[in-house]
Every structure is written in structure tokens, then in C-alpha cells.
Amino acid sequence: MTDLASSKEAPRSAYEWVGGEEAVRALVDRFYDLMDLEPAYAELRGVHPTDMSGSRDKLFWFLCGWLGGPDHFVERFGHPRLRARHLPFRIGIRERDQWVACMRQAMAELSLDPALQARLDEAFMGTADWMRNIGG
């Protein structure tokens with residue numbers, strides 16, 4: 001999104017590297033659009049409500065802070081307590097893998113810096129794996 005190769009200063013955070021709030025919103029919107037459109041993400045889509053606008057906002061607010069930007073989620077809801085908030089939903093290996101694949105596709109389609117994609121992919125996989133609450 002942002003061409004930092006021509007910039008003399010390295011980004012201070014992943015939030016800046018992504019491109020700030022507008023770019024985080026674009027990433028989240030593309031992620032949810034893909035989840036809604038691609039049959040490969042059907043199980044992941046199945047654990048979300050019919051209307052995903054609240055999910056979109058919550059992921060956007062969370063990612064802004066998680067990436068090192070404004071703590072919109074914490075300001076609204078307090079500590080994210082990710083695992084606890086996701087315990088009501090069946091999250092296994094398939095859902096984990098679909099979540100990560102969907103986010104990978106969204107990052108690639110938005111042409112995030114490949115080095116940033118690799119770093120985020122590793123962090124997303126670790127977090128997504130930690131969210132699993134069933135074995136398979």
C-alpha cells in the first residue's frame with residue numbers, strides 16, 4: 001500500500017508499515033469480502049454471523065492496536081481477551097487454516113510489502129493456532 005522503499009525512515013510500527021488506519025480498514029474489508037465470496041473459506045464463514053458488519057469493525061479496531069496503532073478495541077471493550085471471546089465458536093485446524101489463508105490472500109491482493117506479509121503471516125498463524133478450541 002505505502003511505498004516505503006523510497007522513504008528514508010523505516011516505519012516505527014507494523015501499523016505504519018501497513019499504511020495506517022485507511023489501509024487497515026481496506027485489509028479487513030478485503031478479508032471479510034473474500035470470506036463471504038470464496039468457497040474455500042466456507043467453514044470460516046460458517047462461524048460468523050449473517051451480518052458481518054460488527055465482526056468487520058471489531059477486527060479493524062483490534063488490528064489497529066495489535067499492529068501498533070490506536071487502541072480502538074481496548075477503548076471500546078477493554079482487554080481483547082481473544083481466546084475467551086472466541087471460546088463459544090468452534091475453531092479447529094480447518095478454521096485456523098482458512099482464517100490465515102484468507103488473510104494471506106487479502107494481504108497479497110492489497111500488495112502489502114512481501115517482508116511485512118511474511119512477518120504478519122507468522123504472527124497471524126501463531127495467534128490463530130492459539131485460538132483453536134477443538135482438536136481437528
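This briefing describes the pocket, the helices, the cysteines and a few individual residues of the structure above. The model is a predicted one. Its largest pocket has a volume of about 760 Å³, and helix 4 gives the most to the lining of that pocket, with 7 residues. The structure holds 0 disulfides.

**The largest pocket**

- The lining of the largest pocket is made up of 26 residues, and those that lie nearest its centre are Tyr 32, His 48, His 86, Trp 99 and Met 131.
- Two or more lining residues come from each of helix 4 (53-66), helix 5 (72-77), helix 6 (82-86), helix 7 (93-109) and helix 8 (114-130).
- Sorted by class, this lining holds 17 nonpolar residues, together with 5 polar and 4 charged ones.
- Tyr 32, one of the residues nearest the centre of the pocket, is also among the buried residues of helix 2, while Trp 99, another of those nearest the centre, is among the buried residues of helix 7.

**Helix 4**

- The 14 residues of helix 4 should span 20 Å at 1.5 Å a residue, and this agrees with its end C-alpha atoms, which are 20 Å apart.
- Buried in helix 4 are Ser 55, Arg 56, Leu 59, Phe 60, Trp 61, Phe 62, Leu 63, Cys 64 and Gly 65, and these buried residues pack against helix 1 (14-18), helix 2, helix 5, helix 6, helix 7 and helix 8.
- Ser 55, which is found in helix 4, counts as buried because its relative accessible area is 16%, and burial means a value under 20%.
- Leaving aside residues up to four places away in sequence, Ser 55 touches Tyr 32, His 48 and Pro 49, and of these contacts Tyr 32 and His 48 are also among the residues nearest the centre of the largest pocket.
- Just after helix 4 comes Gly 68, which takes a positive phi of about 105°.

**Helices 2 and 7**

- Helix 2 has 17 residues and reaches 24 Å from its first C-alpha to its last, close to the 24 Å expected at 1.5 Å a residue.
- The buried residues of helix 2 are Ala 23, Val 24, Leu 27, Val 28, Phe 31, Tyr 32, Leu 34 and Met 35, and what covers them includes helix 1, helix 3, helix 4 and helix 7.
- For helix 7, the 17 residues should span 24 Å at 1.5 Å a residue, and the end C-alpha atoms are 24 Å apart, which agrees.
- Within helix 7, the residues that are buried are Glu 95, Arg 96, Gln 98, Trp 99, Val 100, Cys 102, Met 103, Ala 106 and Met 107, and they pack against helix 2 (21-37), helix 3 (42-46), helix 4 and helix 8.

- Cys 64 is in no disulfide, and the nearest cysteine sulfur, that of Cys 102, is 18 Å away.

**Between helix 7 and helix 8**

- Ser 111 lies in the loop between helix 7 and helix 8, and it has a positive phi of about 55° although it is not a glycine.
- Most residues other than glycine have a negative phi.
- Ser 111 counts as exposed because its relative accessibility is 52%, and exposure means a value over 50%.
- Gln 117, whose place is in helix 8, counts as buried at 18% relative accessibility.
- Gln 117 touches Arg 104, Met 107, Ala 108, Ser 111 and Leu 112, if residues up to four places away in sequence are not counted.

**Around helix 6**

- Arg 81 is found in the loop between helix 5 and helix 6, where it has a positive phi of about 40° although it is not a glycine, and it is partly exposed, with a relative accessible area of 47%.
- Arg 83 has its place in helix 6 and is partly exposed, with a relative accessible area of 29%.
- Although Arg 83 and Ala 128 are 45 residues apart along the chain, their C-alpha atoms are separated by 9.6 Å.
- Not counting residues up to four places away in sequence, Arg 83 touches Trp 130, Met 131, Arg 132 and Asn 133, and Met 131 is one of the residues nearest the centre of the largest pocket.

Conventions
Residues numbered from 1 in each chain as written. Predicted model: local features only at pLDDT ≥ 70, side-chain atom pairs only at ≥ 80, totals over all residues. Heavy atoms only, no water. 1 Å grid on protein atoms, 1.4 Å probe; cavity = no way out; pocket = protein on both sides within 12 Å on 5 of 7 lines; lining within 4 Å. Points joined across faces, edges and corners; volume = space filled by probe spheres on them. Helix = DSSP H or I, 4+ residues; strand = E, 2+ residues; numbered from the N terminus. Nonpolar A, V, L, I, M, F, W, Y, C, P; charged D, E, K, R; others polar. Disulfide = S-S within 2.5 Å. Buried < 20%, exposed > 50% of the residue type's maximum accessible area, 1.4 Å probe, protein only. Contact = heavy atoms within 4.5 Å. Expected span 1.5 Å × (residues − 1).
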